[in-house]
Amino acid sequence: MENPKTMIKVDELQTSFYTSKGEIKAVDGVSFDVPTGKTLGIVGESGSGKSITSLSIMRLLEDPGKIKGGKITFSGEDLLAKSESAMRSIRGNRISMIFQEPMTSLNPVFTIGDQIAESYMIHEGLSKKQALKKALGMLELVGIPSPKDRLKAYPHQLSGGMRQRAMIAIALACRPELLIADEPTTALDVTIQAQILRLINNLQDELGMSMMLITHDLGVVAETCDYVAVMYAGKIVEYADVNTLFHSPKHPYTVGLLKSLPRHDIDQEELEVIKGMVPRPDDLPDGCRFAPRCPFATKLCEEKLPTLDTMADKNQVRCWIYTDQWDGPEVNVKNDYGTAQSK
Amino acid sequence: MFVYTIRRLLQTIPVILGVTLVVFLMMHLIPGDPAQIMAGERADEAQVEQMRDRLGLNDPFYAQYTRFVVDAAQGDLGNSVRSGRAVSSEIGARFWVTVELAFYSTLLSIFIGLIAGIVSATKRNSFLDVFIMIFALFGLSMPNFWLGLMLIQYFALPFDWLPVSGWGTPEQLLLPVITLGTAGAAIIARMTRSSMLEVIHQDYIRTARAKGVKERYVIYKHALRNALIPVVTVVGLQFGVLLGGAVLTETVFAINGLGRFVVEAIAMRDFPIVQGSVLVLAMLFVFVNFLVDISYRVLNKRIELD
């Protein structure tokens, strides 16, 4: 039996796109779990497979994407074994999603009220009138000013921040057990970002939801998450609780990401960047996928893919440096990263 | 919405004035002398000159044009050169036949075009999709008078119950409406398909699915409302093509409508009739486009005038 305190458990998930050029492994053996009421951050650059992971959980992949293997257990139930209609009654009801683009994620021809009310009509079988009444309550909850007027407004009449609040109202309408927020603040102004994050955090506490926050912004992770999984090219490279990750990052990629954040406590002439590009998913390296960009990479890294191993402080790292087989010089990734990269 | 309607209505005035100018110029620039025809072939130069005077053809251009517009505004489009009857009453007798033909044909093309387009888009690249698109290509490429002739040859003649000509009974409607509506159905099907395919990949469709909306409602509620916006424009434009097609369809099926009337008037060089008919058809087109603009606004809330 599953630990009852686990909201969702993803086990060796593999999602591929079958194109004319062959199979593209977008998510390649990803495992994590979100304890009830906690927040897991999934961090990575574009193309790392983080959004595909969330769409796989919702079973909303579009052709030619397919879940090839693995197991997704949501509060003890096997999601991959469910029928489409059973999935529909979970979507927007027990698992909800907020998307990155508030500008295009709302249907332009329906009012905000109609779009929130639809959830109640589908999942709670309410009449339109009752549903609109509850929709009004949701608009109040997400802090939209003069909610009565906004109920009748069309998306184009609202600002980006207001639209994202409306999206949150749609997602939270049926009080989901799990909220998947896919880059919910990326498209917003910095000042609005903070407001939206605070709103999501407060609502999470209020409703006792579990959450998966997908982002490329480590600053956002530090503020909101309990656990973090760092993804790179379809695989998790480091998985730890948020304190461990920020205080003793292990994987060179994580360290690179942290170093590329602007800091106000030290004088910086220039931000450090991770050199190179994320590999194309149809042309992945044979060994460690980060090896071509890694300042510490050796021959072993280029030839063999390391496994995700649990360390002494309980975080998991996929890197040869922390194994007996390491063939390079002794390094401390966190301290030596800068010097190694400038070489 | 009310203000929008009024403003759109006012905007049609310059268009209609432009139409009158073009119609007026057209009749004066093409070869053939109306005075000569009205006076008869054996009339001498003096008689023709007298007729020209009576018709006001010797007046300056602007005076003739002003008179034409002022008279037309009062419903007076002159008299037929041949029959001598008022053009307005001649047109009035045939106008509704053409409107009816155009209306039913539009209805048919919207009905078939929308269904075919939606099926094609949702079953993309399937056998059905390919079949519908090939069929649409045929419908689009086929000249409608030829389609009319084929329908008469293979449907009307072998089966007694489909008449080859006339207008009024449901049986008489069927073949002309198919003839005229096919091209429109084909265009609307293709337009609906591409518009649907574009909309289906929008973020808000994913939002609807993430809400747990049934696929049927995702298509017919969330996607179709958005996909219809460009289709409506095509329906409006198609109506103009339809009026042109009505001329040929009415001729093929011997329907006593405005289209056939114009063709006959052209052959007889009955200028006032041609002038009046073209003006009426053009105004009908302007009116339909006005309706399209209004429905556009109903479908797409983002449109604000200026």
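# Questions on a predicted model

User: Which residue follows helix 11 of chain B, and what is its phi near?

Analyst: Helix 11 of chain B is followed by B:R269; helices (H or I, at least four residues) and strands (E, at least two) are DSSP runs, numbered from the N terminus. The model is predicted: local features need pLDDT of at least 70, side-chain atom pairs count only at pLDDT 80 or more, and totals for chains, interfaces and linings use all residues. Residues are numbered from 1 along each chain as its sequence is written, while chains are lettered from A and ligands numbered from 1 in the order in which they are written. The phi of B:R269 is positive, near 55°.

User: What covers the buried residues of helix 11 of chain B?

Analyst: A residue is buried if 20 or more other C-beta atoms, placed from the backbone, lie within 10 Å of its own, exposed if 12 or fewer, and partly exposed in between. In helix 11 (residues 258–267) of chain B, the buried residues are B:L258, B:G259, B:R260, B:F261, B:V262 and B:A265. Their cover includes helix 5 (87–122), helix 10 and helix 12 (271–299) of chain B.

User: How far apart are the end C-alpha atoms of residues 227–253 of chain B?

Analyst: UniProt, in an unreviewed entry, lists several spans of chain B as "transmembrane region", including 101–119 and 227–253; its positions are given in the numbering used here, feature names are shortened, and annotations may be inferred rather than shown by experiment. Residues 101–119 of chain B are 100% helix and 0% strand, with end C-alpha atoms 27 Å apart. Residues 227–253 of chain B are 96% helix and 0% strand, and their end C-alpha atoms lie 36 Å apart.

User: Which element of chain A gives the most to the side that touches chain B?

Analyst: Two residues are in contact if their C-beta atoms, placed from the backbone, lie within 7 Å. On that basis 23 residues of chain A are in contact with 19 residues of chain B. The elements giving two or more residues to the chain A side are helix 2 (84–90) and helix 3 (112–123) of chain A. The one that gives the most, with four residues, is helix 3 of chain A.

User: Which strand gives the most to the side of domain 1 of chain A that touches domain 2 of chain A?

Analyst: Chain A is divided into domain 1 (6–230) and domain 2 (251–342), with bounds from an automatic or database domain assignment. The contact between these domains takes 11 residues from domain 1 of chain A and nine from domain 2 of chain A. On the domain 1 side, strand 2 (22–35) and helix 8 (218–224) of chain A give two or more residues each. The most, four residues, comes from strand 2 of chain A.

User: Why do some strands of the open sheet in chain A have one side without a neighbour, and which strands are they?

Analyst: The sheet has four strands in the order 2-1-4-5, with antiparallel pairing; two strands pair if DSSP finds at least two bridges between them. Strand 1 (residues 6–19) of chain A is joined to strand 2 of chain A by 11 bridges.

User: Is A:D28 buried or exposed?

Analyst: A:D28 lies in strand 2 of chain A. Leaving aside neighbours within four places in sequence, A:D28 is in contact with A:Q14, A:G234 and A:K235. Because 21 other C-beta atoms lie within 10 Å, A:D28 is buried.

User: What is the omega of the peptide bond from A:D63 to A:P64 near?

Analyst: A:P64 lies in the loop between helix 1 (50–58) and strand 4 (65–74) of chain A. The peptide bond from A:D63 to A:P64 is cis, with omega near 0°.
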